[in-house]
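Trainee: Please show me the model. I would like to go through it with you in short questions.

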Amino acid sequence: MNQHNKNEREVEDDTSTQEDEIEVDEEQLPSAAAAVHEQIRQDGQKELERDGMALLWSAIAAGLSMGASLMAKGIFLANLEGVPGAFLLENLGYTFGFIIVIMARQQLFTENTVTAVLPIMHTPSAGNFLLLMRLWGLVLLGNLVGTALAALAFTWMPIFDEATRAAFHDISMKVMENTPGEMFANAVVSGWIIATMVWMFPSAGSAKLVVIILMTWLVALGDLAHIVVGSVEVLYLVFTGAISWQGFLWPFALPTLAGNIVGGTFIFALISHAQIRSDLGEKARAEAQAKARRRAKKEQAD
């Protein structure tokens, strides 16, 4: 990658994130929330500036990894019939794909609805918006390619017994019971929960794994729609001939994608950024007033 192309991907901003490790000086920020916001913003800035092929391959890996959610949930469903609390254990399987993707630092579209958006809100410009569209496009494409490969493997490879395949079918058909409006509404809540999870990471420390499990388990328990996990499930139906490609796009993919973006970006990220703008605005006013007082005292002394 030459220097010219690298410069084209630089986020327009008055701060630098060239260091390998993100460090945030909490003492220089007006609140703990501002410190969290700054860490996520810097992380998002690095993602926006990454090489396109690196983003794409990481996103494909994430789509493949998300197949673990359907696999675990299907295996649990096939083997826990009649077991007390089976519903809770079955949905715990949903968390497996998220654990792999997030702990392996693979690119997941719904994470980027908050992480990559904060730099744009911090410094809104046409160039930064184009970087966001580039990131979203590459990551979503890669995630869908990866989920399609996972669904194909579950369909054609002689890995699972008939009971597990039937469980895959039942789980996936349950997704398709929703109307487009229900898909959208469920996806809004799902996008908000995933964005909340990302916001919690800087404060989670060694409990990050617990945060991932609890928040994604909640998505599963609520039967909420997620564009990446849901794509593995619905594409499994497409490849087994249960539904058409048109059924994948509508009522599933388009309403779910829109809902995840609205929940993660237009609700959570906007509200989170709004509180930080207020914090920073109050800090700036306080600093200006203190500077004015120091100037007045100096003039009096002179």
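Mentor: Among contacts (heavy atoms within 4.5 Å) in the protein chain between residues at least 6 apart in sequence, 81% join residues at least 24 apart. This is a predicted model: local features need pLDDT of at least 70, side-chain atom pairs count only at pLDDT 80 or more, and totals for chains, interfaces and linings use all residues. Residues are numbered from 1 along each chain as its sequence is written, and side-chain values use heavy atoms, with hydrogens and water left out.

Trainee: How many helices and strands are in the protein chain?

Mentor: Helices (H or I, at least four residues) and strands (E, at least two) are DSSP runs, numbered from the N terminus. The pattern along the sequence is α-α-α-α-α-α-α-α-α-α-α-α-α-α. The count is 14 helices and zero strands.

Trainee: What percentage of the residues count as buried?

Mentor: Buried means under 20% relative accessible area, exposed over 50%, partly exposed in between (1.4 Å probe, protein chains only). The protein chain has 302 residues. The buried share is 48%.

Trainee: Where do the buried residues of H10 lie around the axis, on the same side or on opposite sides?

Mentor: The buried residues are Thr164, Arg165, Ala167, Phe168, Ile171, Ser172 and Val175. An α-helix has 3.6 residues a turn, so residues three or four places apart point the same way.

Trainee: Is Leu141 buried or partly exposed?

Mentor: Leu141 sits in helix H9. Its relative accessible area is 46%, so Leu141 is partly exposed.
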